[in-house]
Amino acid sequence: MEFSQCLATAKIAREAAADYEKEQKKEREKRDTISDEMANRICVDYAKSQMPFPVIRNQSSPFNVNGGYEKTVKVSFELDNPKTSYSSRSAVCKIRGRDIVDFKIK
């Protein structure tokens with residue numbers, strides 16, 4: 001009987017710890033979720049630094065942002081490419097909280 005009580009107590013403790021971790025994760029995500037405007041700014045600043053030519057202007061208006069804690073931001077730029085009269089590139093940032101976790105130039 002004591003062994004089964006010990007197993008039951010251990011199971012309850014594991015479930016309580018898992019529930020606590022889930023609640024902590026929800027609180028972190030709620031606290032770290034940024035506005036679409038801030039996500040766009042983070043992506044634009046990062047993308048400008050990664051473009052192959054100087055940026056003439058940002059062509060992304062209004063913001064193209066999707067998601068909550070994990071956001072996907074799409075931006076595009078007109079570039080000053082001396083080899084052609086017009087050049088543009090777009091980029092996609094995946095942002096978790098305030099951190100860029102994935103970035104691609106198209």
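## The nonpolar core

In this predicted model, the largest nonpolar core has 15 residues, of which Val73, Val75, Phe77 and Ile95 touch the most other members. A nonpolar core is a set of buried Ala, Val, Leu, Ile, Met, Phe, Trp, Tyr and Cys residues joined through side-chain atoms within 4.5 Å. Buried means under 20% relative accessible area, exposed over 50%, and partly exposed in between, with a 1.4 Å probe and protein chains only. Helix H2 (36–50), strand E3 (70–79) and strand E4 (87–96) each give two or more residues to this core. The most come from H2, with five residues. Helices (H or I, at least four residues) and strands (E, at least two) are DSSP runs, numbered from the N terminus.

Leaving aside residues up to four places away in sequence, Phe77 touches several others, including Val44, Ala47, Met51 and Val55. Contact means heavy atoms within 4.5 Å.

## The disulfide

The model has one disulfide, defined as a pair of cysteine sulfur atoms within 2.5 Å. The sulfur atoms of Cys43 and Cys93 are 2.1 Å apart and form this bond. Because Cys43 lies in helix H2 and Cys93 in strand E4, the pair ties together parts that are 50 residues apart in sequence. The torsion about the S-S bond is about 80°, so the disulfide is right-handed.

Cys43 and Cys93 are both buried. Cys6, at 51% relative accessibility, counts as exposed.

## Basis of the values

Residues are numbered from 1 along each chain as its sequence is written, and side-chain values use heavy atoms, with hydrogens and water left out. Local features need pLDDT of at least 70 and side-chain atom pairs count only at pLDDT 80 or more, while totals for chains, interfaces and linings use all residues.
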